[in-house]
Amino acid sequence: MTVTSPSLPPLGHEVMAQQVPGFRRTIEEAARHLRQTGWTDTEVPDPPALLDRTRIGELLRDVGKARLARGYSEDAAITEMQLLDTHAFYALSYELHRRKTFWVDESLAFMLAHTRLDVRGDGLRLPFPALALVFTDRETLALGEALASRDRDAGIRGLPLRALTVYVTQIPATRGALGMHVALLFDAGLADWPWMITRDLDVGPDDMLDEILASRFPDSANPDPVFMAPELSQLLQLVINAILYATSSPTWDVVASPVRKAERRQARGDARKQAAARARAEALRGTVTGEDVWHLPGKIPISQVRALREVQRRDDGGALFARCMVRGHWRRAPETWADRRPRWIEPYWKGPELGAIVEREYKLQP
């Protein structure tokens, strides 16, 4: 089912395509080459091995030369090339797996941010080997802004964000359960690359939440305090909860991109109408995403979410939530059940003084 929703801004890989000439074409050509030379959906390659099978190195060298021509030092140009190498990995993985994208709406983001994770590492699975999660709610973006404030070199520092795109890619695990490359791209609508933070999680089968969030590969070492920031931990927990939520149903409604709609019209009508549709698609491409996305909805009305958020900001808000709100949590299925996927128990209130809040089923309202 296709639903209507406010248009989402360009996603992280689309912003990179706008800022780096040849980025989109290089990624598409690399994906096409890999499919023609034996790549299969079941492969779980490490980043260098995947990129070595493509000609992406040519794009990296072109960018390095362009930076040197603009007066960058050699070290700065190399840093840009290394960053682009990371962008190329998530973008290529995302392209190879047919650009699977989930938009987490404001209501669900609020619920998942207040959900206690109760699942072991062996119960954490990705719905696809590569996917993107999109957040546009103010609470999540505020976490990103707070995280950026810790990095003096972040170009978005002090600026309001318009979107966070998180690319999650399965990579080989060393501890038996799951390896994940997580790239968080924070976009403030600047004419520049999104600010990016990456974390590789090496999850063991018996790991619980704190161990999952702290996990890393044996050869990784990064003393940057940003990687130890509580905001990053909160964002990673939100990402993991969203992944679990995405796997809790076999189908989700689709939010159609206005760009895709205009592109589809290019094949209909006379030459004049096709030209108008083409111009419309190009005009939209820089302001909204060209991807159709699955919508992950929440059930609490947006007005109620904002009221609950105000309660949290008060001096006694924490006590109210701790006393009266039963937080959402994941429940593992018994071993006797055929479907062993974790079940998500939604947050609910208890206490007679809050009875009016739960008189009816929560539904998302525009």
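Which residues line the largest cavity?

## The cavity

In this predicted model, the lining of the largest cavity consists of W39, E43, V44, P45, L50, F89, S93, L96, H97, P129, T169 and Q170. The volume of the largest cavity is about 90 Å³. The structure has 1 cavity of 30 Å³ or more.

Two elements, α5 and β5 (163-171), each give two or more residues to this lining. Helix α5 provides the largest share, 3 residues. By class, the cavity lining holds 7 nonpolar, 4 polar and 1 charged residues.

## The largest pocket

The largest pocket has a volume of about 1,300 Å³. Its lining takes in 42 residues. Nearest the centre of the pocket lie L83, T86, M196, T198 and F227.

Which elements give two or more residues to the lining of the largest pocket? They are α3 (47-51), α5 and β7 (195-203). The largest share again belongs to α5, with 9 residues in the pocket lining. By class, the pocket lining splits into 20 nonpolar, 9 polar and 13 charged residues.

## Helix α1 against α5

Helix α5 spans residues 74-96, and helix α1 spans residues 12-19. Their axes come within 11 Å and cross at roughly 125°. That angle makes α1 oblique to α5. The crossing of α1 past α5 is left-handed.

On the α1 side, G12, H13 and M16 make the contact. On the α5 side, the contact residues are L84, H87, Y90 and Y94. By class, this contact has 4 nonpolar and 3 polar residues, with no charged ones.

## Helix α6 against α9

Helix α6 covers residues 106-113, and helix α9 covers residues 230-246. The two axes come within 9 Å and cross at roughly 115°. So α6 is roughly perpendicular to α9. Here α6 passes α9 in a right-handed crossing.

Which residues of α6 and α9 meet? From α6 come L108, A109, L112 and A113. From α9 come L238, N241, A242 and Y245. The contact of α6 with α9 comprises 7 nonpolar residues, 1 polar residue and no charged residues.

## Helix α7 against α9

Helix α9 also packs with helix α7, residues 138-148. The angle is about 145°, and the axes are 9 Å apart. What is the handedness of the crossing as α7 passes α9? The crossing is left-handed.

The α7 side of this contact is T140, L143, G144, A146 and L147. The α9 side is E231, L232, Q234, L235 and L238. Divided by class, the residues of the α7 contact with α9 are 6 nonpolar, 3 polar and 1 charged.

Terms used
Residues are numbered from 1 along each chain as its sequence is written. This is a predicted model: local features need pLDDT of at least 70, side-chain atom pairs count only at pLDDT 80 or more; totals for chains, interfaces and linings use all residues. Side-chain values use heavy atoms; hydrogens and water are left out. Axes are lines fitted to C-alpha atoms, for helices over the stretch in contact, and angles run from 0 to 180 degrees between N-to-C directions. Helices (H or I, at least four residues) and strands (E, at least two) are DSSP runs, numbered from the N terminus. Angles under 35 degrees count as roughly parallel, over 145 as roughly antiparallel, 65 to 115 as roughly perpendicular and the rest as oblique. A crossing is left-handed if the near helix is turned anticlockwise from the far one by less than a right angle, and right-handed if clockwise. Contact means heavy atoms within 4.5 Å. Ala, Val, Leu, Ile, Met, Phe, Trp, Tyr, Cys and Pro count as nonpolar, Asp, Glu, Lys and Arg as charged, and the others, Gly among them, as polar. On a 1 Å grid over the protein atoms alone, a cavity is a set of points where a 1.4 Å probe fits but cannot get out, and a pocket is an open set with protein on both sides within 12 Å along at least five of seven lines; lining residues have an atom within 4 Å of a point. Grid points are joined across faces, edges and corners, and a volume is the space filled by probe spheres set on the points.
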